Amino acid sequence: MVVEPNLTFTSKPPSTQCTRFNFRTFRWMQTMIFAIEEINREGKLLPNISLGYKIYDSCSTPHQALKAAMELMSSEKYPMDEGGLQGENICKGRVSAVIGDGGSTQSLVVARFLGVFHVPQVSYFSSCACLSDKKEFPAFLRTMPSDFFQVDALVQLVKHFGWTWVGVISGDDAYGQNGANIFADHVRKLGACVALHEVIPKNRAQKAISAIISNIHSSGARVVLVFAVEQDAAALFDEVLREGLNGIQWLASEAWSTAAVLSTPKKYHGVLQGSMGFAIRRVHIPGLRDFLLRLHPASPGAADDPFLISFWEEVFQCSLREGGVQPPCTGKEDLKNVENIYSDVSQLRISYNVYKAVYAIVYALRSMGGCDYGNGPFALQSCPDAHGILPWQLLHYIKQVEYFTSFGDEIAFDRNGDPAAMYDLVNWQLTPSEGIKFVTIGKFDESVSNRQQTFQIQTTDVVWNGNQTQVPLSVCSSICPPGTRKAIRPNFPICCHDCVVCTAGEISNQTDAIECVRCLPEFWSNGKRTACIPKQVEFLSFSDTMGITLMAISLMGSFCTCAVVFVFSYHRTTPVVRANNSSLSFLLLFSLALCFLCSLTFIGRPSQWSCMLRHTAFGITFVLCISCILGKTIVVLMAFKASLPGSQVMKWFGPAQQKAIISLCTLVQVLICTVWLIVAPPTPRKLIPRESAIVILLCDEGSPVAFGLVLGYIGLLACLCLLLAFLARKLPDNFNEARLITFSMLIFCAVWVAFVPAYISSPGKYSTVTEVFAILASSYGLLGCIFAPKCYLILFRPQKNTRKHIMSRMDKF
């Protein structure tokens with residue numbers, strides 16, 4: 001800051017006074033003097049020429065910096081001991097080049113002014129990307145990398161650790177606002193989000209900064225970049241301490257990434273421990289520390305140094321002038337006994353930039369002096385005037401400078417006047433003595449040809465805020481694990497989302513998947529929705545409960561049928577067996593056994609042969625069974641007709657004719673099935689529902705028409721049996737088997753009428769279950785209605801199994 005005097009416009013205004021003494025700036029100034037004296041002393045780069053200098057204090061304010069630049073340009077001549085070039089060729093007093101200013105805001109003002117006169121300006125600390133515009137700042141160059149590269153490094157740091165919810169706080173100046181805006185734009189292009197974007201006011205009002213702290217807390221961001229000069233950053237962290245904000249991983253811009261103002265006071269250690277940021281390369285300049293400590297008010301020439309008195313009084317808190325507020329200095333003060341920012345040469349970063357700026361100008365002067373006349377770079381291949389250096393000519397040579405420092409660094413300027421960006425990634429770590437040390441954990445080198453090697457980091461060396469070793473998580477929403485997808489929240493930034501589990505049949509095998517991928521038709525998602533697995537094949541198996549149950553019922557039916565056969569065989573000479581046409585009864589029992597057993601062909605994995613067998617066996621065995629019942633019904637009717645006087649009808653319905661009827665009826669079904677198998681046989685088919693986790697393996701009928709004919713023919717015979725049995729239901733009691741046939745056929749028809757809609761509507765293997773159930777139900781109906789009463793009579797009422805009883809009225813039979 002600067003104290004402005006009251007102007008009366010009647011006398012020459014007094015010189016301006018800065019309110020604070022900046023030790024770092026004073027060290028930078030001494031580094032420039034050190035480099036100039038080193039060059040003059042060695043005399044290798046500029047033989048027979050000595051460099052001079054003139055120093056102005058801009059007080060870190062734009063208008064004071066502009067005032068200093070105007071004074072430089074307006075002085076036509078000035079004593080050689082105040083600056084300029086002197087040697088064999090006497091300079092005419094014009095300014096050849098300017099080193100500075102430090103801050104970007106000040107350099108913006110100075111560069112616009114000096115650019116009009118094409119006076120080369122080489123800044124050592126101004127990093128604002130806006131200064132790379134050569135149309136607006138044609139004479140501006142710098143040894144400090146542009147913030148554009150620093151932002152690129154910071155963005156790669158954010159990307160490396162997967163932070164998607166980052167806060168940005170900037171200073172209210174060109175450096176802070178331009179850098180923060182570029183960073184925010186790059187972060188958004190990366191796919192991350194800026195949780196908050198705040199500006200530290202230049203007056204550093206506590207209320208405004210307190211509002212910033214509140215916004216940090218409410219945003220939920222765990223990582224916050226502070227893109228500001230060290231004074232603004234200190235004001236922010238003072239308020240952070242006052243309000244007790246903890247758990248934030250602070251990212252530092254280059255301006256304060258190694259600032260002693262923040263790293264030296266222990267009050268900041270709890271907040272800033274673990275912070276990281278990019279800093280320009282550090283070197284050790286031999287002899288600089290001794291040069292810095294040489295100063296003393298009693299040394300020769302000290303009286304001509306306008307900065308020395310203020311510096312000495314600030315360091316030792318004493319007064320060299322009479323009437324001072326502080327106690328007088330004793331004269332025994334020695335800088336070697338003091339450890340402060342000025343004497344600390346462990347972090348020579350900006351000082352190295354000053355050093356390089358001096359040498360860049362010197363190498364340009366050397367190139368000018370070595371110009372080959374007749375091959376010069378200017379009009380008519382002319383060379384610059386060795387007796388009077390013109391700034392625009394020196395500017396040309398500075399732009400062409402390319403040299404290696406004694407530390408092995410190549411110094412060159414690109415077309416924007418920027419050097420190659422090389423940064424150290426530093427981490428603030430506590431020492432055992434509770435101090436802060438800057439540990440280099442990575443680097444960013446823009447000059448590397450391989451883009452993938454531009455940014456390097458040793459993650460294992462990082463210590464995070466709170467002395468943690470685990471990378472802090474800074475996201476608006478938690479990371480969506482595999483098996484889920486991100487669903488954007490309405491009216492929220494793109495980084496804020498919900499994790500939605502993939503629907504059945506879809507998977508995501510990576511974190512933060514934008515969408516789930518549907519599995520192929522024959523595959524289904526696993527329980528975690530992370531992989532597609534083959535769908536479970538479903539069919540009526542011998543191993544599942546339903547298959548075992550149906551198989552047991554089928555075998556039980558076959559066993560019951562065999563038991564009836566055994567009972568009838570054992571009692572084949574009894575009147576009940578003989579009176580009910582034993583030959584047809586045995587054939588009917590055989591066909592019923594086949595009906596029970598044919599249901600087993602519907603159980604098990606469908607194959608080409610099993611599909612053909614199950615439908616043809618079902619159709620033929622049931623037609624054989626119904627044909628036998630039809631034969632029995634016809635015999636009952638014909639037997640009644642034969643009992644009438646003069647009737648000869650039974651000779652047409654003897655055993656041979658009955659067998660012929662059964663054979664003919666069965667042959668028709670055999671022909672239908674044969675044609676079916678030849679033209680369009682049943683085949684196994686996979687039914688793959690899109691929204692189901694199973695593949696249904698079943699038998700396709702092949703020809704729906706043939707399947708309908710098979711069922712229709714069975715239904716036709718069944719209806720004919722039912723009709724004939726119904727007509728014979730009131731015949732004399734000794735022929736009352738017609739009643740049993742009527743009941744059996746009613747059950748049979750009811751089962752198969754209900755089967756058709758149930759079969760059509762049953763999903764998957766349950767259609768097969770329905771068909772098997774219909775087969776077993778109708779078979780049990782026939783077996784139970786026709787043979788159960790007879791077996792009961794044979795086994796439990798033998799007294800009624802007599803010819804006398806058969807010929808009489810049988811009320812209970």
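Which residues make a nonpolar surface patch of about 380 Å²? The legends below explore this predicted model, and the first one has the reply.

**View 1. A nonpolar patch on the surface.** Leu720, Leu723, Phe726 and Leu727 make this patch, which covers about 380 Å². Look for Leu727 in helix 19, a helix of residues 704-727. Leu727 has a relative accessibility of 54%, so it counts as exposed, since exposed means over 50%. Here is a background idea to keep in mind: in soluble globular proteins, nonpolar side chains tend to be buried together.

**View 2. The largest nonpolar core.** This core holds 102 residues, and those touching the most other members are Leu157, Trp163, Phe183, Phe278, Phe311 and Leu335. With 13 residues, helix 12 (residues 350-369) gives the most to this core. Another core, of 62 residues, lies apart from it; Ala617, Cys749, Tyr759 and Leu782 are among its members.

**View 3. Phe311 and the residues it touches.** Leaving aside residues up to four places away in sequence, Phe311 touches Phe21, Phe23, Phe26, Leu295, Leu335 and Tyr342. You have met Phe311 and Leu335 already: both are among the core residues that touch the most other members.

View 4. The strands follow the order 5-6-7, and their pairing is parallel. Strand 5 (98-99) and strand 7 (140-142) stand at the edges with a single partner strand each, so one side of each has no neighbour in the sheet.

**View 5. Strand 6 beside strand 7.** Strand 6 (residues 121-123) and strand 7 run parallel and are joined by 3 bridges. To follow the pairing, find Val122, whose bridge partner in strand 7 is Leu141.

Methods
Residues are numbered from 1 along each chain as its sequence is written. This is a predicted model: local features need pLDDT of at least 70, side-chain atom pairs count only at pLDDT 80 or more; totals for chains, interfaces and linings use all residues. Side-chain values use heavy atoms; hydrogens and water are left out. Patches are made of residues with over 30% relative accessible area and no salt bridge: like charges are joined within 9 Å, nonpolar side chains (Val, Leu, Ile, Met, Phe, Trp, Tyr) within 5 Å. Accessible areas come from the Shrake-Rupley method with a 1.4 Å probe; for residues, only the protein chains shown count as cover. A salt bridge is a side-chain nitrogen of Lys or Arg within 4 Å of a carboxyl oxygen of Asp or Glu. Helices (H or I, at least four residues) and strands (E, at least two) are DSSP runs, numbered from the N terminus. Buried means under 20% relative accessible area, exposed over 50%, partly exposed in between (1.4 Å probe, protein chains only). A nonpolar core is a set of buried Ala, Val, Leu, Ile, Met, Phe, Trp, Tyr and Cys residues joined through side-chain atoms within 4.5 Å. Contact means heavy atoms within 4.5 Å. Two strands pair if DSSP finds at least two bridges between them.
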